[in-house]
Amino acid sequence: MEVHYINLESEVGKKNFHLAIGNFDGVHLGHQKIIKGLVDNAVQQKKPSAILSFDPHPRKFFSRDFDRYQIIGLEKKIKILGDLGINNLFFLKFNESIASLSPTDFVKKILIDMLQIRKLTVGYDFHFGKNREGDVLSLEDYATIHGFELEVVDPIKETSINEVFSSSAIRQAIKDGHIKKANMMLGYEWTMEGEVIHGDKRAREMNFSTANMLPHHQIYPMKGVYAVNIVINQNKFNGIANFGERPTVDGNKLLLEVHIFNFNEDIYGKHLTVEFLTFIRGEKKFDNFSLLVEQIKKDIQIAKHYHLKN
């Protein structure tokens, strides 16, 4: 997959795209179904497939309330989209010029003049142009005027829970500690990634080691304890993680602390990927250090039992 960063003045060599527009945050199972259909159709018609997203996310442009909003990081998003068979991923620089484009100008300047689309795929609730004035009804008119095919995708449901696949629902599930639900809708385990940093050595007093990571600018899970997998250099290990501020030991910053079962290598400075599997309990301040140690021992047994059963 080729990744392109473009603006209003960009010239795109390849044309006649079968294009989907969206930020595809999380690239969940609903997104994956849409993208697979787009790719299959493009292959049949011998046309290049493409996705148009925005950089930065329009939410970040209009609001400061963007940190801890995205479900996954950019690198993982690009990898998933590439694995789904998309030929081209365009990131259109979102700025005042783009934000002020009327729906008519957005279609003409970007979709027609720049990308020369043959087919456009959007969700049923898609809006575009200045003040989000454009919608799927107006797109039907533009498709007739400019001669491209339009596909509007209806809501896609997860039948087992009778809920529409959506990035919003996944964000809420992660915030509420409903990791199994989030993973079911994503179609893979939700992750946090980062470099292992030095901690305050408290874990040594409990007779077990932890790898500590600072959270990145993505959505935060509910504070608490989780059964997790840990990926190090493409090798996967079972473990347990705590995300929070560690109130019993007067912690003052958010950390992801990971204990890897049956592992004693030095991994300071290494990059870890932590796959969240299930929520064990919420963060709690214990009356003393000994009670915390006893609870952690219980948490570890719960996590090991989960790994054994799954």
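## The parallel sheet

Two strands count as paired if DSSP finds at least two bridges between them. In this predicted model, six strands form an open sheet in the order 1-4-3-2-5-6, and their pairing is parallel. Strand 1 (2-6) and strand 6 (149-153) are the edge strands, because each pairs on one side only. From one strand to the next, the twist averages 20°.

Strand 5 (residues 119-123) runs parallel to strand 6, and five bridges join them. Across from V122 stands V152 in strand 6. Strands of a sheet pair through backbone hydrogen bonds, in either a parallel or an antiparallel manner.

## Helices lying across the strands

Helix 1 lies across strand 2 (18-21), strand 3 (49-55), strand 5 and strand 6. The angle between helix 1 and strand 2 is about 165°.

Helix 3 (residues 74-83) lies across strand 1, strand 3 and strand 4 (88-93). Relative to strand 4, helix 3 runs at about 145°.

## The buried side of helix 8

Helix 8 spans residues 179-186, and its buried residues are I179, A182, N183, M185 and L186. These residues lie on the same side of helix 8 because they cover an arc of only 165° around the axis.

Several elements cover the buried residues of helix 8, including helix 1 (29-44), helix 7 (167-175) and strand 8 (163-164). Strand 11 (224-232) and strand 14 (271-282) are also among them. After helix 8 comes G187, which has a positive phi, near 85°.

Key
Residues numbered from 1 in each chain as written. Predicted model: local features only at pLDDT ≥ 70, side-chain atom pairs only at ≥ 80, totals over all residues. Heavy atoms only, no water. Buried < 20%, exposed > 50% of the residue type's maximum accessible area, 1.4 Å probe, protein only. Helix = DSSP H or I, 4+ residues; strand = E, 2+ residues; numbered from the N terminus. Arc of directions from axis to C-beta. Contact = heavy atoms within 4.5 Å. Axes fitted to C-alpha atoms, helices over the stretch in contact; angles between N-to-C directions.
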